[in-house]
Amino acid sequence: MQDFDVVVIGSGPGGYVSAIRSAQLGFKVAIIEKYAVMGGTCLNVGCIPSKALLDSSEHYYNAVHSFEEHGIDIAKPKVNMGQMIKRKAGVVSNLNAGISYLMKKNKITTFHGLGSFDSAKTVKVTKEDGSSEVISAKNIIIATGSKPTILPFIPVDKERIITSTEALKMKEVPKHLIVIGAGVIGAELGSVYARLGSKVSFIEFADSMIPTMDKTMGKELQKSIAKMGADFYLSHKVTSAAVKGKEVTVKAQDSAGKEVEIKGDYCLVCIGRRPYTDGLNLAAAGLTADDRGRVAVDEHTLQTSVPGIYAIGDVVRGAMLAHKAEEEGTFVAEVIAGQKPHINYNLIPGVVYTWPEVAAVGKTEQELKAAGIAYKEGSFPFKALGRAIASGDVDGVCKVLADATTDEILGVHIIGARAADMIAEAVVAMEYRASAEDVARMSHAHPTYTEAMKEACLAATAKRSIHS
Ligand code: FAD
Ligand code: NAI
């Protein structure tokens with residue numbers, strides 16, 4: 001039996017990063033992935049392919065809607081869905097190869113097959129051809145990720161009623177796409193098809209889009225997406241969905257019980273994701289999943305209730321984000337090596353890659369109110385930024401929340417062009433516990449979108465933004 005210091009089950013951003021960090025720390029490492037390709041949800045059916053399609057659809061949308069204004073005359077562009085999906089597949093396979101290369105470079109043994117516990121110290125790998133082998137390890141890291149949540153009364157046939165996975169490999173542009181759930185996936189993939197010409201209808205249980213983010217963000221994002229002709233059924237609960245031929249009929253009720261019926265040719269269900277431990281045989285290791293399917297871990301070590309078994313990423317509590325999984329991957333390897341690493345969960349940024357992009361870190365205004373924390377607010381609209389006017393990307397606002405007494409930045413919420421990249425400044429500032437005045441006094445290159453952050457900090461610290 002092959003024996004390892006560390007065996008990682010799952011090769012998503014949590015798993016492969018923990019394998020690399022473990023190898024860097026001198027451990028003999030193996031990684032088990034049930035699919036033929038490495039990279040998990042994020043690389044194969046998540047972050048990367050969705051961003052490839054977001055970028056392609058944005059090029060198309062700009063070609064149709066803003067080239068003429070910029071003085072570029074072209075023949076009317078057409079969507080070539082086959083090529084768009086082919087390009088996306090190329091981006092993914094390029095990065096698949098990159099991870100395989102990193103495994104080899106770090107001398108990590110890779111097993112392709114389903115990993116299931118044989119005992120608390122051994123894992124059985126069952127390969128696609130049915131053969132199996134058992135390997136042993138001093139430490140085992142569960143990084144098996146998540147899968148889409150399915151409503152029992154919605155028949156997801158993966159043809160007409162689809163999840164994000166199918167929405168990333170469509171053969172045609174839907175005429176009318178019904179999106180159940182206006183959260184992160186709904187906003188991103190709904191945007192892709194709205195830009196490509198689909199009529200998009202969002203049905204959302206909460207009273208705004210992206211409801212877990214600061215309320216201003218959902219409101220502004222809805223305005224931008226509505227400009228593409230999308231319509232919204234907010235505070236609506238889906239009651240049924242049915243497919244007949246090429247037509248999908250979805251019924252939903254508003255909070256007063258009034259029913260609406262929406263007909264489209266595709267329906268995307270994106271109402272959250274569930275932790276995934278199917279086939280892992282947790283019981284053989286003495287573990288059970290909790291009532292939400294998660295593997296419980298100790299806050300300080302990410303160790304499960306069984307010594308030597310750890311869990312990270314989407315399969316444990318917390319935000320289901322690739323960079324959160326990566327931080328936990330590094331953290332757990334360092335814990336195993338006897339180090340004392342730290343993760344500041346309050347400063348894990350959240351980004352929605354629509355256009356304008358939405359990005360946030362720290363507390364929302366609603367969270368500060370609920371916690372009774374006195375705060376100051378400073379906002380700056382993108383329409384007052386020279387850079388935004390030059391590019392034509394004037395939708396958006398940067399909102400900074402700072403402690404009323406100390407001026408420490410408690411939350412930054414940005415919707416606007418390149419917000420995804422801008423949020424890094426807020427993370428650094430908050431990690432060093434900067435005040436709004438600290439950031440306001442730092443030079444920001446002109447003309448850049450980042451000036452919105454400086455101006456919002458000026459507004460928060462002393463209501464003295466210069467350009468608005
Ligand atoms: P996963 O990436 O899910 O990887 C788990 C791996 O374990 C999989 O490869 C699976 O096959 C394997 N596995 C499971 N069970 C076994 C077993 N028993 N044996 C062997 N292997 C097993 N997050 C962001 O931060 N930014 C984004 O832009 C973003 N976009 C997204 C877009 C979409 C459409 C989706 C669906 C998700 C997106 N996410 C994004 C979320 C992100 O993909 C996840 O948070 C991230 O992949 C979690 O990483 P993980 O390592 O915990 O698990
Ligand atoms: P989500 O939690 O972001 O959104 C789900 C939405 O569905 C919520 O707004 C919720 O109120 C709504 N909903 C739930 N049940 C409903 C019902 N019965 N009827 C109508 N609406 C209902 O989950 P989503 O979008 O599926 O994404 C899953 C995970 O993937 C998220 O946790 C997210 O962190 C991650 N992700 C991250 C991305 C990023 O970082 N850019 C991109 C895509 C996904």
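Two strands are said to pair if DSSP finds at least two bridges between them. The model shown in these views is predicted.

**View 1. An open sheet of three strands in the order E12-E13-E14.** The pairing within this sheet is antiparallel. Strand E12 (236–244) and strand E14 (259–264) stand at the edges with a single partner strand each, so one side of each lacks a neighbour in the sheet. From one strand to the next, the twist averages 20°.

**View 2. The pairing of strand E13 with strand E14.** Strand E13 comprises residues 247–254 and is joined to E14 by six bridges, the two strands running antiparallel. Val-250 is placed opposite Ile-262 of E14.

View 3. Beyond its neighbours within four places in sequence, Val-123 is in contact with residues including Val-7, Ile-9, Ile-32, Phe-117, Val-134 and Ile-140. Ile-140 is 17 residues from Val-123 in sequence, and their C-alpha atoms are 8.7 Å apart.

**View 4. Glu-451, a buried residue without a salt bridge.** Glu-451 belongs to helix H13, which covers residues 451–462. The nearest side chain of opposite charge is that of Arg-387, 7.9 Å away. The side chain of Glu-451 does form a polar contact of 2.8 Å with the side chain of His-446. When residues up to four places away in sequence are set aside, Glu-451 touches Leu-385, His-444, Ala-445 and His-446.

Notes
Residues are numbered from 1 along each chain as its sequence is written. Chains are lettered from A and ligands numbered from 1 in the order in which they are written. This is a predicted model: local features need pLDDT of at least 70, side-chain atom pairs count only at pLDDT 80 or more; totals for chains, interfaces and linings use all residues. Side-chain values use heavy atoms; hydrogens and water are left out. Helices (H or I, at least four residues) and strands (E, at least two) are DSSP runs, numbered from the N terminus. Buried means under 20% relative accessible area, exposed over 50%, partly exposed in between (1.4 Å probe, protein chains only). Lys and Arg count as positive and Asp and Glu as negative; His and the chain ends are not counted. A salt bridge is a side-chain nitrogen of Lys or Arg within 4 Å of a carboxyl oxygen of Asp or Glu. A polar contact is a pair of N or O atoms within 3.5 Å; within protein, one must be able to donate a hydrogen and the other to accept it, and residues adjacent in sequence count only if both atoms are side-chain atoms. Contact means heavy atoms within 4.5 Å. Axes are lines fitted to C-alpha atoms, for helices over the stretch in contact, and angles run from 0 to 180 degrees between N-to-C directions.
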